[in-house]
Amino acid sequence: MAMNNNDTTLLEKTMSEGMKASVARQIEALQQLQGRINGEFTEAIQLLTGCRGRVIMLGMSQSGHIGRKIAATLYNTGLSCHLINPADAWHDNLSMVGSGDIIIMLSYSGMTEELVRLYPAIKHLGNKVIAITGDPKGPVAEQADIVLDASVTEDLADQEHAPTTYTTVLLAIGDLLAEALHRFQASDLEGLRKDQKITWVRNIMSADNYGRIKPDSKISDVMQAMTATGSKICLVMDGEDLAGVITDGDLRRGLSGVDSLSGMRARNIMNGAPISIKEEASANDAKALMDKNKIRALVVQDAHNHVIGVVTIDACRKALES
């Protein structure tokens, strides 16, 4: 049955009022978000700025769709950002996630099972996690390093079908992160690491392509570690602390004239006072330091003096020549 003019006018009015009410709810949610911007957001920016790997976005259903857009936005800030289906990540045992990657988990309910069950593997790998969730006290947020509150008030119909207010807030948070990253890059010296005129140590260091052994390791273990990584250096680690360094030159000198390797350990031939450099130093500074000390590699440390990698003179020369 065809509608008359009165029916059409009533339908248009109803639809118009419904859309205006939806916009009003989204405006209110954004205003509430404004009041929740706190130190957690600042910590998230600092963590993302210092990212030495990729940003891995994890989200199911609607959160996953919005995550794709956020990933594209963050990519424009210079971050290598990827979206992974949490269900696929589970089946692949997170093999696609590297040690320097930052995980961003997106969850409307705050209890997404596919995300929660990934935590043991993520914690084992040592990756930092940012949770952006509609429930800042739920299971997804509980184990995260940083929690960004994306909570909203929606009626039952919205929750079951299309949580539009939540997706608006989620998109806004993604845009806030990207905008803050751009500002940070423009105003802070740390942002200069993105300047192609300067190559920073953190950009050319190796985070895993070197041997790691213990002070009591056998000399055969030292040789095996160097062979396995194809590098000419091993870090001698006493737990998380750097005890020394063994280069191929140290190995040759330490074994010169030795009849038997029996009883010899890494601590017997290591350099117990290795020269190190901070990750925010330039490649030019690193090369100059190696030239001055007539060495071919430096241990790289972060701002907290934690060992995070090794930079070689060959890597510095290649970066400075390009």
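**A tour around helix H9**

Select Thr 167 to begin: leaving aside its neighbours within four places in sequence, this residue is in contact (heavy atoms within 4.5 Å) with Gln 62 and Ile 66. Thr 167 belongs to helix H9, residues 164-187, where helices (H or I, at least four residues) and strands (E, at least two) are DSSP runs numbered from the N terminus. Its relative accessible area is 9%, so Thr 167 is buried; buried means under 20% relative accessible area, exposed over 50% and partly exposed in between, with a 1.4 Å probe and protein chains only.

This is a predicted model, in which local features need pLDDT of at least 70 and side-chain atom pairs count only at pLDDT 80 or more, while totals for chains, interfaces and linings use all residues. Residues are numbered from 1 along each chain as its sequence is written, and side-chain values use heavy atoms, with hydrogens and water left out.

Next, select the one aromatic pair that the structure holds. Tyr 108 and Tyr 166 form this pair, with 4.7 Å centre to centre and 45 degrees between the planes, and it is tilted; rings of Phe, Tyr and Trp (its six-membered ring) pair if their centres lie within 6.5 Å, and planes under 30 degrees apart count as stacked, over 60 as edge-to-face and the rest as tilted. The pair links distant parts of the chain, 58 residues apart, with Tyr 108 in the loop between strand S3 (102-107) and helix H5 (113-116) and Tyr 166 in helix H9. Tyr 108 is partly exposed at a relative accessible area of 24%, whereas Tyr 166 is buried at 0%.
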